[in-house]
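Have the model open as you read.

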Amino acid sequence: MADEDETKEYRWESGYEKTWEAIKEDDDGLLESNVADLVARAKRKRAALKATGAIQLGMMRHLFVVVDASACMFLQDLKPTRFLCVLKLLEVFVHEFFDLNPISQLGILTTKMKRCEQITVLAGNQKTHIEALQQLKDFSCEGEPSLQNSLERAMNGLKNMPAHSSREILVLFGSLTTCDPGDVQKTIKALKDNNIRVSIIGLAAEVRICREIAKKTGGTYNVLIDDHHLKELILSQVQPPAVAGSIEASLVKMGFPGGTPNVNDGTCDSSADHAPAYCLCHIDSETSSLMGPNGYNCPQCGSRYCELPVECKQCGLTLVSAPHLARSYHHLFPIKPFMERSRVPDTAHCFACAKLFVEAETNVYECENCHQIVCLDCDLFIRETLHTCPGCASDPVTAQMKTN
Amino acid sequence: MKLNVDGLLVYFPYDYIYPEQFSYMLELKRALDAKGHCLLEMPSGTGKTTTLLSLIVAYMKAHPLDLTKLVYCSRTVPELEKVMEELRKLMNYYEKEMGMEQNILGLALSSRKNLCIHPSVSKEREGKVVDGRCYSLTASFVRARHAADDAVPICEFYEGFDAHGKEFPLPPGVYNLDDLKEYGQTKRWCPYFLARHTITHANIVVYSYHYLLDPKIAEVVSKEISKSSVVVFDEAHNIDNVCIDSMSVKITKRLLDKCSNSITILETTISKMKENDSKRLEKEYKRLVEGLRDATIARETDMALVNPVLPSEILEEAVPGTIRTAEHFVAFLKRVVEYIKTRLRVQHVVQESPAGFLRDIHTKVCIDRKPLRFTAERLASLIRTLEISDLTDFSPLVTVSHFATLVSTYTKGFTIIIEPFEDRAPTVSNPILYFSCLDSSIAIKPVFNRFQTVVITSGTLSPLDMYPKILDFHPVIMTSFTMTLARQCILPMIVSKGNDQVAMSSRYETREDTAVIRNYGNLLVEIAAAVPDGIVCFFTSYLYLETIVSSWYDQGIIDQLQRHKLLFIETQDAAETSLALINYIKACDNGRGAVLLSVARGKVSEGIDFDHHLGRAVLMFGIPYVYTQSRILRARLEYLRDQFQIRENDFLTFDAMRHAAQCLGRCMRGKTDYGIMVLADKRFSRADKRSKLPKWIQEHLKDTNCNLSTEECVQICKRWLRQMAQPFSREDQLGISLLTLEQLQSEEMQKKIQQRAQGV
């Protein structure tokens with residue numbers, strides 16, 4: 001669903017919408033202003049942010065994604081099938097997830113035939129996950145899912161993760177039934193004890209046990225309306241959740257591996273660093289080959305990795321690069337939502353994109369700090385992608401203040 | 001919040017109120033003002049109980065002379081407890097607002113089984129056994145014997161109550177069954193007799209229907225309730241059946257055999273007593289000469305045997321000479337029992353009127369009507385005199401004596417049917433004599449006559465105009481309220497055909513048709529695949545359920561079903577059914593999902609709520625017509641036609657639709673709840689059936705959803721379930737289906753409420 005035009009379903013496939021009912025004539029009997037208003041409102045709604053105060057966010061996330069692969073995932077109420085639709089959206093999700101949470105790790109599980117299978121282990125490498133997801137497409141969906149087995153499996157994987165990281169499970173659940181070997185209440189209790197948050201997205205209807213699990217573990221439970229809504233729901237999981245108060249803040253030891261030999265600074269002067277070596281990420285797979293001099297070496301034990309961020313397999317050190325940390329930073333200081341204002345005639349164009357304001361656009365948005373005016377599209381772009389206000393950043397005074 | 005209901009200040013113990021609750025109060029107040037009876041229908045889950053209580057309590061406070069007592073009748077013990085909880089909330093609110101203790105006494109009354117605190121008696125499980133053992137410890141002669149001989153056991157709690165409890169009334173407050181027991185424990189008083197004693201001066205009494213409708217019990221328990229009381233029958237949609245059941249008697253062969261045994265016991269006891277203590281029998285004889293009323297001096301503990309309603313002038317009369325001495329009476333009883341035995345020895349069905357029966361018994365065994373009338377009273381007196389403390393064995397004989405009294409008292413509105421075998425098993429001889437009441441107004445008439453206001457209310461009373469006819473009373477108010485909803489949380493649909501376009505119906509002609517059965521099966525399988533958690537299905541009868549399930553098994557539908565959900569079936573065995581229910585709830589709770597197959601008119605359809613996930617969908621397979629070949633029903637229909645001008649078909653449809661509505665209502669227990677209601681029968685879409693559904697269901701039954709095929713139905717379900725699963729908070733309801741005080745007082749809302757009241 002990354003490309004909306006391509007996946008737009010046929011009219012006869014989609015639900016019955018009474019689009020005409022939403023449109024009303026204005027005083028002059030015109031529709032135009034109203035339509036623009038509707039569009040703007042829809043966009044704005046999408047970007048409506050929860051007011052984030054100074055809460056602690058779990059930036060180091062360990063997340064297991066459980067994908068239902070039971071017989072009901074072959075239903076075609078999502079196109080082409082539920083399963084394929086979900087996998088495709090998950091690819092987007094994995095990408096976005098690592099983009100926004102670079103120092104986090106993710107693993108994928110599926111459940112079918114009353115069992116749970118591990119597709120990828122917890123790892124910080126998005127490529128392996130995406131590849132695994134692509135391979136899943138040929139997978140057959142059969143039997144009933146087991147919520148309990150998947151949760152237990154994920155819990156075993158998460159249990160030993162460090163206490164300062166947030167542990168999460170995201171379940172994409174298409175079935176309306178679960179076939180469990182034991183008492184699921186015990187599992188819920190264990191999840192709670194281990195501080196694991198379970199969020200569930202239902203693909204068909206509200207299932208009581210899902211709501212209960214989500215509620216008791218502090219996660220969210222949502223049911224989709226259509227595929228666009230599903231995308232929204234999945235992507236809403238990208239934002240790191242607020243941490244439950246019990247987790248203590250602690251210092252995390254991290255390694256910043258030296259760069260490639262092209263960047264020959266003082267940190268990686270020893271010649272051993274550049275000798276060809278097996279990369280530890282791929283050492284188990286058959287396709288592993290001797291790496292060239294490119295790669296990252298763990299500053300503690302010297303193991304070589306082809307990608308960052310990763311947890312060192314030898315010594316357990318979290319290896320990141322500085323830009324990763326910087327990217328996680330904006331979660332802590334989200335920019336304040338811009339204020340909606342009616343357009344005043346003297347500002348003729350948007351500060352960010354320099355587009356001239358047209359008549360139809362009645363509302364513009366103002367930054368609280370720098371009082372620059374931007375248009376609706378820029379407002380959304382700043383909020384969703386840029387995470388920094390161009391007005392504040394370009395003004396040397398406010399920029400200085402912010403970093404202080 | 002404090003409300004102004006048509007000039008009356010009502011304390012309402014919640015911060016929010018539903019608009020229909022306010023309308024309900026308005027109507028109820030009008031009925032109270034008019035001192036007349038009323039009939040109110042409001043959907044379940046809209047807070048009927050609390051509305052009723054808060055208005056009536058407010059009315060009692062405002063007009064203490066006009067309205068002195070509230071008698072609230074409910075059906076089951078859990079419902080009783082619910083009412084008490086609401087009352088407690090209301091009283092706490094009053095206390096908080098007024099800042100002082102309230103001078104109102106409310107209590108619940110139930111059988112001895114639920115109230116006994118005697119260490120060994122309370123361990124008994126069967127109600128009858130508890131009653132019997134209690135009697136054997138508290139009867140006056142037992143206590144007299146105890147006074148002479150300490151070895152005779154008595155109940156210390158009753159003694160405690162008898163010694164002190166009567167002088168010290170219960171302090172004001174709200175007492176449910178557990179509170180009464182606790183109070184009894186601390187004071188060492190018997191809670192049961194304490195409660196019965198307190199009824200006379202309590203302001204609010206909550207108990208079961210039978211304490212008021214069953215003449216055998218009402219005579220004892222509810223005799224002294226004053227006229228200026230308001231009586232509420234909650235969940236009263238079956239009130240006519242309760243009335244009829246309380247006046248009907250069923251006699252089987254086995255029961256008669258047991259009677260013969262009891263008679264022999266009586267004989268031996270009498271002969272023994274003659275030898276030892278013949279004075280006592282003489283004394284009884286003299287008493288009987290003087291008249292019965294004196295014989296039944298209110299010795300309350302001897303209540304185990306009481307007569308059905310007898311015109312009181314008969315009680316004043318002396319007992320006829322033929323049955324005055326004990327031996328004569330026992331011989332008389334013997335003759336009656338033997339006569340009934342011969343009557344049961346028939347080869348074909350006999351139906352006759354009470355008058356015919358009396359003539360026959362006179363010609364055959366020379367028994368007159370008059371002594372027959374006194375049978376019940378005379379037997380009670382005899383058992384008292386003989387000081388038989390174990391009453392449980394005598395219940396068959398008591399049943400026969402009731403029958404004898406009833407048959408000789410009422411000549412109109414009753415019929416006698418003797419069936420040599422059951423219709424289902426014509427080869428097995430199992431003769432049964434039914435003495436059946438045909439007129440539900442007989443039992444309830446004293447209630448309507450005695451009390452100034454009787455409120456009949458339920459979630460499903462439609463069509464309303466039938467009740468005044470069959471209960472023979474004139475309501476001043478008759479209203480049906482709908483539910484205001486912020487979202488459409490019920491989805492009624494009529495599914496009339498399968499995917500193969502074969503019409504679905506439980507009509508007699510097509511019910512064996514495999515195509516119909518298969519279509520029903522497919523409907524259930526597809527719904528089970530689309531609906532989460534619990535699904536409840538209702539069939540028209542146990543027989544139909546069994547045949548359908550067995551052919552589903554052959555067609556492989558059961559297998560398909562079990563892929564989605566577990567399957568549970570209600571049976572006629574109560575223990576089996578409750579086990580199935582427990583497991584059904586378990587399966588719904590832990591996400592496996594379950595389907596419960598049950599029967600309209602069964603235990604599940606009447607008393608059990610399937611709120612939220614326990615009942616996301618209700619399927620009604622066929623129209624639950626009562627078994628029309630039954631002779632009792634035929635007789636009743638005839639009677640209704642002759643006496644009340646109700647056409648047979650009207651009554652049958654009315655009866656079927658109220659049961660259907662009752663089944664459908666199982667899944668809706670509040671405004672945050674939601675549920676699908678599928679009516680799977682072609683005939684439901686006809687106007688005469690549809691229009692008899694309660695208004696709150698009809699309102700949501702769109703014309704487009706009245707003639708669906710299985711597939712269309714499933715598509716609608718899926719879309720609707722997704723919408724319902726979206727977050728729904730209190731804020732969404734506020735102002736539409738939930739009002740704060742300000743919103744209620746706003747002019748716009750007042751106008752709407754006025755309109756609602758007029759519209760119905």
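Predicted model: local features only at pLDDT ≥ 70, side-chain atom pairs only at ≥ 80, totals over all residues.

1. Residues are numbered from 1 along each chain as written, chains are lettered from A in the order written, and side-chain values use heavy atoms, without hydrogens or water.

2. Start with the largest nonpolar core, which has 180 residues. Such a core is a set of buried Ala, Val, Leu, Ile, Met, Phe, Trp, Tyr and Cys residues joined through side-chain atoms within 4.5 Å; buried means under 20% relative accessible area (1.4 Å probe, protein chains only). Helix H16 of chain B (residues 326-344; helices are DSSP runs of H or I, at least four residues) gives the most to this core, 10 residues. Domain 1 (247-439) and domain 2 (490-728) of chain B both contribute, so the core lies between them; the bounds come from an automatic or database domain assignment.

3. B:Tyr207 is among the residues with the most contacts inside that core. Beyond its neighbours within four places in sequence, its contacts (heavy atoms within 4.5 Å) include B:Val71, B:Leu109 and B:Ile225.

4. Now turn to A:Thr217, in helix H8 (residues 208-217) of chain A. A:Thr217 is buried, with a relative accessible area of 10%. A polar atom of its side chain lies 3.1 Å from the backbone nitrogen of A:Val198.

Technical notes:
Buried < 20%, exposed > 50% of the residue type's maximum accessible area, 1.4 Å probe, protein only. Helix = DSSP H or I, 4+ residues; strand = E, 2+ residues; numbered from the N terminus. Polar contact = N/O pair within 3.5 Å; in protein donor to acceptor, adjacent residues only side chain to side chain.
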